[in-house]
Amino acid sequence: MRLPLKGGEYERMKKLNKGFTLIELLVVIAVLGILAAVVLVAINPTARIQDARNSGVRSDIGQLGTAMEAYFTENNGNYPTSALSELVSDDQLKQLPSPPSGRDTSNCVSSYVYVTGSTEAAAYSDLEPCGGSETYYVYWTACGQATESDAVPDDAGGAYDVDNPTSAC
């Protein structure tokens, strides 16, 4: 038989039983997990990482373009004849930039590419995602600027000829 609670005992018992049940806590954790998953999908971290690496490529190609123009000025109107490494040996760059780490090297070029013609030059790399329909970031000396392109410069003539890039500028 239970004795009736006296005076303040009921209030004390009420305070002792105050709190959340296990079910309530599990429901809150489940809702937070679903919200976190929705936010993660909305952010798309893979695309943000690719954007960051592409920004690095754009910066490096711009740096190579500036160094190629400085080389041109100091070497009587001639661009490097064979490789970007001439920019380092001629003190236009302290070191040759390399593409950002973490790129898919099975589909992306693993280093920056240099093409020279008889009077002009270009440096380029592909932008992520690589494979399939490529987008390149190219510094064209004939244009004096870097642009995105769907084709790479070559020295074979045509629309993307490094000496006369009619489709690039």
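1. Helix H2 covers residues 22-43. Its 22 residues should span 32 Å at 1.5 Å a residue, and the end C-alpha atoms are 32 Å apart, so the two values agree. The expected span is 1.5 Å times one less than the number of residues. Asn 44 follows H2, with a positive phi near 55°.

2. On the basis of the note: this is a predicted model, in which local features need pLDDT of at least 70, side-chain atom pairs count only at pLDDT 80 or more, and totals for chains, interfaces and linings use all residues. Residues are numbered from 1 along each chain as its sequence is written, and side-chain values use heavy atoms, with hydrogens and water left out.

3. The protein has four helices and four strands. From the N terminus, the order is α-α-α-α-β-β-β-β. Helices (H or I, at least four residues) and strands (E, at least two) are DSSP runs, numbered from the N terminus.

4. The four strands form an open antiparallel sheet, ordered E1-E2-E3-E4. Strands E1 (113-116) and E4 (145-149) are the edges, and each pairs on one side only. Pairing requires at least two DSSP bridges between two strands. Neighbouring strands are turned by 25° against each other on average, direction ignored. Axes are lines fitted to C-alpha atoms, for helices over the stretch in contact; angles run from 0 to 180 degrees between N-to-C directions.

5. E1 and E2 (residues 121-127) run antiparallel and are joined by four bridges. Tyr 114 stands opposite Ala 123 in E2.

6. Helix H3 (residues 45-74) lies across E1, E2, E3 (135-140) and E4. It runs at about 175° to E2.

7. The largest nonpolar core has 17 residues. A core here is a set of buried Ala, Val, Leu, Ile, Met, Phe, Trp, Tyr and Cys residues joined through side-chain atoms within 4.5 Å. Buried means under 20% relative accessible area (1.4 Å probe, protein chains only). H3, E2 and E3 each give two or more residues to this core. H3 gives the most, with six. Ile 61, Leu 64 and Met 68 are among the residues with the most contacts inside it.

8. Met 68 touches, among others, Leu 84, Leu 87, Tyr 114, Ala 123 and Tyr 139, not counting residues up to four places away in sequence. Contact means heavy atoms within 4.5 Å. A second, separate core of six residues includes Val 115, Tyr 136, Val 138 and Trp 140.

9. Of the 169 residues, 30% count as buried.

Technical notes
Buried means under 20% relative accessible area, exposed over 50%, partly exposed in between (1.4 Å probe, protein chains only).
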